[in-house]
Amino acid sequence: MRRLSLYILLLAAAALTAAAGAPARGLKADSLAIDRAGDFLTVSLDLDLESLKVGTNRAKVITPRLVNGNDSVELRPLGLYGRSRYIYYQRNYPKTMISGPEERTYRRSQAPDTVAYRAVLPWQDWMNGAALTLTTCEYGCCHTLVNQQVDTLGLFREFRFSPQWLFVRPREEGPKTRALSGRAYIDFPVDQTVIYPDYRRNTTELGKIQATIDSVRNDRDVTITRVWLKGFASPESPYSHNTDLSIGRVKALKEHIQRLYHFAPGIIETDNEPEDWEGLRRFVEGSNLEHKEQILALIDSDMAPDPKEARIKKLYPAEYKFMLAQYYPALRHTDYRIDYNIKQYNDLDEIRRVFATQPSKLSLNELFVLANSYAPGSDEFNEVFATAVRMYPDNPVANLNAATTAMEKGDLDLAARFLEKAGDDPQADYDRGVLLALRGDYAAARPLIERAAAAGIPQGAAALRQLDSSTSRGWTNLSIRQD
């Protein structure tokens with residue numbers, strides 16, 4: 001359980017009298033100690049009763065309380081009874097017990113000189129900054145209150161590191177270049193390079209490419225800058241023939257797309273891979289083929305493509321027949337990528353509109369501008385930075401700002417995960433130091449925050465002052481006397 005240090009502030013020793021009469025002379029309270037361990041607060045002190053006088057028909061009830069404004073909690077009372085009152089109390093127990101069944105009761109003549117008082121309370125946030133008071137009530141016969149005195153023993157506070165939050169503005173991105181990519185399996189009749197849109201599965205596969213292009217082409221904020229196509233063939237047949245096929249087939253696809261969209265010259269670019277050996281290797285590596293390792297060794301060898309395939313076919317005919325039927329068709333494919341630019345947004349209302357519908361079109365800097373239009377710490381403010389890190393999951397600045405919002409909300413584990421991708425800039429040093437301090441590891445936090453402060457991070461100097469203040473706060477043993 002995490003242990004948090006507290007410090008005690010000694011207040012003025014003036015008594016707060018709630019009823020007329022002489023003070024409770026002779027009562028001494030020493031060695032006050034208050035400690036919080038996780039969800040519990042422990043209060044302990046020594047009550048010196050040696051000189052406290054109680055008349056034979058009188059009783060004094062001493063009640064510690066924690067008080068902070070309208071919030072308070074009463075600790076277990078301690079009752080001291082004169083001889084007559086104690087006998088009466090015993091005969092009529094528990095009817096005449098003054099403060100109730102929890103009272104710790106002594107006959108004055110039999111009371112110890114010192115009572116070690118200890119109470120364990122469930123922690124509540126209001127207790128931070130509460131005063132510990134000692135109320136001494138003196139009673140006569142018939143439970144008549146004849147005197148009451150309230151003494152404040154001290155004020156205790158838990159040191160809580162309260163950093164200034166740091167949000168980093170991303171650098172201007174320049175042109176917002178994005179890309180969409182995919183893979184299509186266009187079917188051609190054997191040894192042909194002519195596209196038939198209705199042949200086999202071509203309607204579906206050509207539709208995939210068209211849908212990708214249309215998804216950005218119909219957006220008024222987007223300009224397509226390149227359509228890149230790369231055709232692949234499988235290793236069967238001579239390499240030279242496969243070269244001609246891959247070139248001819250990707251050219252046919254280019255012409256098909258150009259007829260549909262009439263792009264400006266140079267927009268569509270093509271490339272080819274006569275035989276997709278890398279794709280074959282991936283299939284074999286993930287398989288349970290009997291001679292898997294031997295086939296992989298041949299694929300990775302420096303042999304020319306045609307002899308390589310011939311050797312696999314000769315040495316491992318069963319596996320080759322399986323690969324020909326199961327793997328080779330998937331090696332005949334076209335990879336495509338649509339490169340495009342998104343316009344820059346300078347109007348805040350327009351940024352809000354885009355954020356609500358297509359946040360992926362916004363740059364990190366535009367998202368930062370939007371976040372700053374909301375109150376720090378608000379739901380809207382936090383939502384923007386959470387969206388930014390989803391859109392840019394590997395960007396150090398996006399992760400840094402997301403870590404800050406997570407710490408501000410108290411989710412330290414989430415902040416730690418974001419900080420793993422926050423880079424090594426002074427701002428990241430600061431946030432990592434803040435995270436350690438929030439977890440109570442001030443010694444480990446200090447060098448990181450010092451490094452950030454030395455690099456000119458203004459929040460670092462303020463954090464160091466807090467850490468310096470925390471090291472000067474410790475136990476102040478009180479000796480509050482009422483004599």
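This is a predicted model: local features need pLDDT of at least 70, side-chain atom pairs count only at pLDDT 80 or more; totals for chains, interfaces and linings use all residues.
Residues are numbered from 1 along each chain as its sequence is written, and side-chain values use heavy atoms, with hydrogens and water left out.

Let me begin with the spaces. On a 1 Å grid over the protein atoms alone, a pocket is an open set of points with protein on both sides within 12 Å along at least five of seven lines, a cavity is a set of points where a 1.4 Å probe fits but cannot get out, and lining residues have an atom within 4 Å of a point. Points are joined across faces, edges and corners, and a volume is the space filled by probe spheres set on them.

The largest pocket has a volume of about 480 Å³, and of the 26 residues that line this pocket, Phe188, Ser234, Glu236, Arg249 and Arg332 are the closest to its centre. Two elements give two or more residues each to that lining, namely β14 (222-232) and α3 (239-261), where helices (H or I, at least four residues) and strands (E, at least two) are DSSP runs numbered from the N terminus. The largest share, six residues, comes from α3. By class, the pocket lining has 11 nonpolar, eight polar and seven charged residues; here Ala, Val, Leu, Ile, Met, Phe, Trp, Tyr, Cys and Pro count as nonpolar, Asp, Glu, Lys and Arg as charged, and the others, Gly among them, as polar.

How many cavities of 30 Å³ or more does the structure hold? There is one, and about 40 Å³ of space lies in the largest cavity. Its lining is made by Pro170, Leu364, Leu367, Phe368, Phe385, Ala388, Ala398 and Asn401, with two or more residues coming from each of α10 (364-371), α11 (379-391) and α12 (396-408). By class, seven of the cavity-lining residues are nonpolar, one is polar and none is charged.

Now to the helices. Two packed helices are described by the angle between their axes and the distance between the axes. Axes are lines fitted to C-alpha atoms, for helices over the stretch in contact, and angles run from 0 to 180 degrees between N-to-C directions.

Helix α5 (residues 292-300) and helix α6 (residues 305-315) pack at about 165 degrees, with axes 9 Å apart, which means that α5 is roughly antiparallel to α6 (angles under 35 degrees count as roughly parallel, over 145 as roughly antiparallel, 65 to 115 as roughly perpendicular and the rest as oblique). In this contact (heavy atoms within 4.5 Å), Ile295, Leu298 and Ile299 of α5 meet Lys308, Arg311, Ile312 and Leu315 of α6.

Next, α6 packs with helix α7 (residues 317-326) at about 120 degrees, the axes being 5 Å apart, so α6 is oblique to α7. Glu309, Ile312, Lys313, Lys314 and Leu315 of α6 make this contact with Pro317, Tyr320 and Met323 of α7.

Finally, the axes of helix α14 (residues 426-438) and helix α15 (residues 442-454) come within 8 Å and cross at roughly 160 degrees, so these two helices are roughly antiparallel to each other. Among the residues that meet there are Tyr430 and Val434 in α14, and Leu448 and Ile449 in α15. By class, the contact of α14 with α15 has 11 nonpolar, one polar and three charged residues.
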